[in-house]
Amino acid sequence: MNKVIEASFDGCASAEILPFAPYPGVLSSMLKRVMMSARFLEYTASLDKGDRPRVNAEEVGSFEFQLPPAAEQRRIVAKLDALTARLARARAELERVSVLAANLRLAALREAYDRAAAHRVLALGDLIETLDQGWSPKCENYPSSTGDEWAVLKTTAVQAIAYRSGENKVLPPGLAPRPSIEVKAGDVLVTRAGPRVRCGVTCLVETTRPRLMLADKMYRLRCKEHVNPAFLTFMLNSPQALERIEVMKTGISDSGLNLTQAKFLALELPAPSTEVQNGLVAVLRTAFARANRMKAEATRARALIDRLEASILGRAFRGELVPQDPNDEPASVLLDRIRAERAAAPRQKRGRRAKAG
């Protein structure tokens, strides 16, 4: 769950929120850190009995931890705040890496498009042998686990340049497959319908398992002999082509748009020689590999920061993060006060709900 805040305002909590008011001598900010620790999350996860994460106040209240003296709590919180701020800055810098990687890909695509367009431009229909549309029968609600059974691709199998064969649904036993729309290596797939951001997405099928069929909301392009499928895929993902594809989309709302065959086939794209195509594909693959490495390294660094943060919290609760001061009031004295206050507090009586007249 791991959703904990220290309230900075008065208010009422819904039934989905557990409010805790610490006794004097226990810092709210310290209690918040305890509830964000890995050990607390493991404890609450072990309590979950339903289909959704859910715990109650009594169960959470049974969690035990080492309570430092009040003065040490303040030192721990101050140190954690300083370290957390530094980790947050590091995370923000790493987030910029993902943006830089995306910008690198776009810049490479834009430059490649301009270089290719300087040679020759043709309509998409002149670059492909066939444009096929798929089939969307009512399938089972689970993916195929083996290449021996037929399945229909989901539109999520088509991502920008990337193909995901695992995104499919099994064809029911009573339906005969359609081998003519089986996806093969070298096919270029384009989503022809869906929400605005998912309409007009293009990928290349470089490798795939057998018996996966094209869905109705996809186009399958098979290139002419002199057209490199990877080159066509890159061009259809270029900023210049995407801007024109955006204008072609039709529909009454952003939640359901279409890309008609006639308009799509009329889309003008660069059509240089095969030699130029192959050279640009090599350049783009190198640029994309560099961008992917940048993003992967940033992802690994973020995971290391998460582990470091968990380690810092662990050290804090083991008394290893800040120096201990023998002049601090012992935590045992604080606990004795809390026990005395709890014992002296009047017990709340639960009243019976009045019956309806």
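Trp135 counts as buried because its relative accessibility is 14%, where buried means under 20% relative accessible area, exposed over 50% and partly exposed in between, with a 1.4 Å probe and protein chains only. This is a predicted model, in which local features need pLDDT of at least 70 and side-chain atom pairs count only at pLDDT 80 or more, while totals for chains, interfaces and linings use all residues. Residues are numbered from 1 along each chain as its sequence is written, and side-chain values use heavy atoms, with hydrogens and water left out.

Trp135 is found in the loop between strand 2 and strand 3 (151-153); helices (H or I, at least four residues) and strands (E, at least two) are DSSP runs, numbered from the N terminus. Leaving out residues up to four places away in sequence, Trp135 touches a set of residues that includes Val152, Leu171, Ile181, Met213 and Asp216, contact meaning heavy atoms within 4.5 Å. Trp135 and Val152 are 17 residues apart in sequence, and their C-alpha atoms are 7.8 Å apart in space.

Val152 is also among the contacts of Asn168, as are Tyr142, Ser144 and Leu212, neighbours within four places in sequence being left aside. Asn168, in strand 4 (residues 168-170), counts as buried at 3% relative accessibility. The side chain of Asn168 reaches the backbone nitrogen of Ser144 at 2.8 Å, and a polar atom of that side chain lies 2.8 Å from the backbone oxygen of Ser165.

The open sheet has 4 strands in the order 2-9-5-7, with antiparallel pairing; two strands pair if DSSP finds at least two bridges between them. Strand 2 (128-133) and strand 7 (202-204) are the edge strands, each pairing on one side only, and the twist averages 20 degrees from one strand to the next. Strand 5 (residues 188-191) is joined by 4 bridges to strand 9 (residues 218-223), the two running antiparallel, and Val190 stands opposite Tyr219 in strand 9.

Helix 5 (residues 229-236) lies across strand 2, strand 5, strand 7 and strand 9, and runs at about 160 degrees to strand 7; axes are lines fitted to C-alpha atoms, for helices over the stretch in contact, and angles run from 0 to 180 degrees between N-to-C directions. Helix 4 (residues 70-117) packs with helix 5 at an angle of about 115 degrees, their axes being 9 Å apart. The contact is made by Leu109, Ala112, Tyr113 and Ala116 of helix 4 and by Phe231, Phe234 and Met235 of helix 5.

Key: A polar contact is a pair of N or O atoms within 3.5 Å; within protein, one must be able to donate a hydrogen and the other to accept it, and residues adjacent in sequence count only if both atoms are side-chain atoms.
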